[in-house]
Amino acid sequence: MTKLKKILPLFLVLILLTSCTNVKNAEHSFFALDTAITIKCSEESAKEIESLVLKYEDILSVTDENSEMYQINSGASTRVSDEFISLFNEAEKISEKTDGAFNFAIYPIVYEWGFTTKNYKIPEKEKLDTLLSKIDFTKFKINGNIINVENGAMLDFGGIAKGYICDEAVKLLKSKGENNALISLGGNVYALGSKDGKDWQVAIKDPFSEGYAGILNVQNKAVVTSGDYERYFEKNGKRYHHIIDPSTGYPAENSLKSVTIVSDSATLADGYSTALFVIGFEKAMEFYRQEQNFEAIFIFDDGEIYATEGLSDSFKKE
Ligand code: AMP
Ligand code: MG
């Protein structure tokens, strides 16, 4: 509920910026994947996207004992769906590409901090050191559709699943000939085509308030943000957030408050926003120059905002 409270203002901003009287492309909303989901498309496609999202929720839930994810994280070798294998392969690619800054086996550490259960605590350093030996993402072996788990390893697709599902929803829309739509899965946005022939306007959240830091004008782009305000607890005046630096086991600590990635792929944007938040601005810019398949907006703890050159015409600060 608190999460919903936090998301709602952004969600309303998004509605405000994209609202339209066109009945065909009305706004559809529901709650799944622990987040608010809004889709602006035809009624029929919205229903199909809702079923798609719920299917993934069934497969990926970390709390439902019947989910494929739950079985794997209980240590069992598990026969999983093609959907699970496909998401696994994407997560593996991003983990390799980012040299493990994105680490899809981070779950033992995320769990220890209580970010899944909301039983927040600062783990003992010794405990974290032990858990660091359990987050080797090469420890999962795939044989057909069977995933074999070694030595207490656990999967965490929390940093990529919403982006991946967003891309799947876009595929679904395109297959139905629907080429203008807006999808938002808790801050993972895909702006498909245009809104009445003009760019979609996507609000970038201000990490310091309930408002927004700027507006992005886009068409056919995913816009995904990772920030230290999305899930956190505070102890002795210090904020402990949910994006973990896999080299230390502690929440990533640098000058960043949020990283937004703009790219053709929501999967890539989701994975990279998490990874770049971990590695910090300087390394993130090296990665940006090397990869050349995304643009980014960085918001710093002193309130500074930096957008990469590819966004100079499309991003307007508030
Ligand atoms: P996001 O909001 O996309 O940045 O994803 C944050 C979520 O990803 C967390 O709640 C964890 O479930 C998971 N996560 C945390 N740290 C990492 C990491 N270094 N690599 C991959 N996933 C992570
Ligand atoms: Mg992410």
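Because the model is predicted, local features need pLDDT of at least 70 and side-chain atom pairs count only at pLDDT 80 or more, while totals for chains, interfaces and linings use all residues; side-chain values use heavy atoms, with hydrogens and water left out.

Helices (H or I, at least four residues) and strands (E, at least two) are DSSP runs numbered from the N terminus. Helix α8 comprises 14 residues, 266–279. The expected span of a helix is 1.5 Å times one less than its number of residues; for α8 this gives 20 Å, in agreement with the 20 Å between its end C-alpha atoms. Of the 14 residues of α8, 13 are buried (buried, under 20% relative accessible area; exposed, over 50%; partly exposed, in between; 1.4 Å probe, protein chains only). The N-terminal end of α8 is capped by serine 265, a side-chain oxygen of which lies 3.3 Å from the backbone nitrogen of threonine 267.

The magnesium ion (ligand 2) is coordinated at 2.0 to 2.5 Å by Gly159 (O), Asp270 (O), Asp270 (OD) and Thr274 (OG1). Donors are N, O and S atoms within 2.8 Å of the metal (3.2 Å for Na, K and Ca); water is not among the atoms, so sites may look incomplete. The spacing of the donor residues in sequence is G-x110-D-x3-T. Aspartate 270 and threonine 274 are separated by about one helical turn, because they are four residues apart in α8. Aspartate 270 is buried, at 5% relative accessible area, and threonine 274 also counts as buried, at 14% relative accessibility.

A nitrogen atom of ligand 1 lies 2.8 Å from a polar backbone atom of isoleucine 244. Oxygen atoms of ligand 1 lie 3.2 Å from a side-chain N or O atom of glutamate 230 and 2.9 Å from a side-chain N or O atom of aspartate 270. Taken alone, ligand 1 exposes 510 Å², and the protein buries 92% of that. Accessible areas come from the Shrake-Rupley method with a 1.4 Å probe; for residues, only the protein chains shown count as cover.

Two strands pair if DSSP finds at least two bridges between them. Strands β3, β5 and β4 form an open sheet of three strands in the order β3-β5-β4, with antiparallel pairing. β3 (78–79) and β4 (141–143) stand at the edges with a single partner strand each, so one side of each has no neighbour in the sheet. β3 is joined to β5 (residues 146–148) by two bridges, and arginine 79 stands opposite isoleucine 146 in β5.

Strands β8 (residues 200–205) and β9 pair in the antiparallel sense over six bridges and form a hairpin with six residues between them. Lysine 205 is placed opposite tyrosine 212 in β9. Strand β9 (residues 212–218) is largely enclosed by the rest of the structure, because five of its seven residues are buried. Three bridges also join β9 to the antiparallel strand β16 (residues 315–317), where lysine 316 is the bridge partner of isoleucine 215.

Most residues other than glycine have a negative phi. Aspartate 99 has a positive phi, near 55°; this residue is found in the loop between α4 (82–97) and α5 (107–112) and is exposed, at 73% relative accessible area. Asparagine 236 has a positive phi near 50°. Asparagine 236 is found in the loop between β11 (232–235) and β12 (238–241) and counts as exposed, at 80% relative accessibility.

Terms used: Residues are numbered from 1 along each chain as its sequence is written. Chains are lettered from A and ligands numbered from 1 in the order in which they are written. A polar contact is a pair of N or O atoms within 3.5 Å; within protein, one must be able to donate a hydrogen and the other to accept it, and residues adjacent in sequence count only if both atoms are side-chain atoms.
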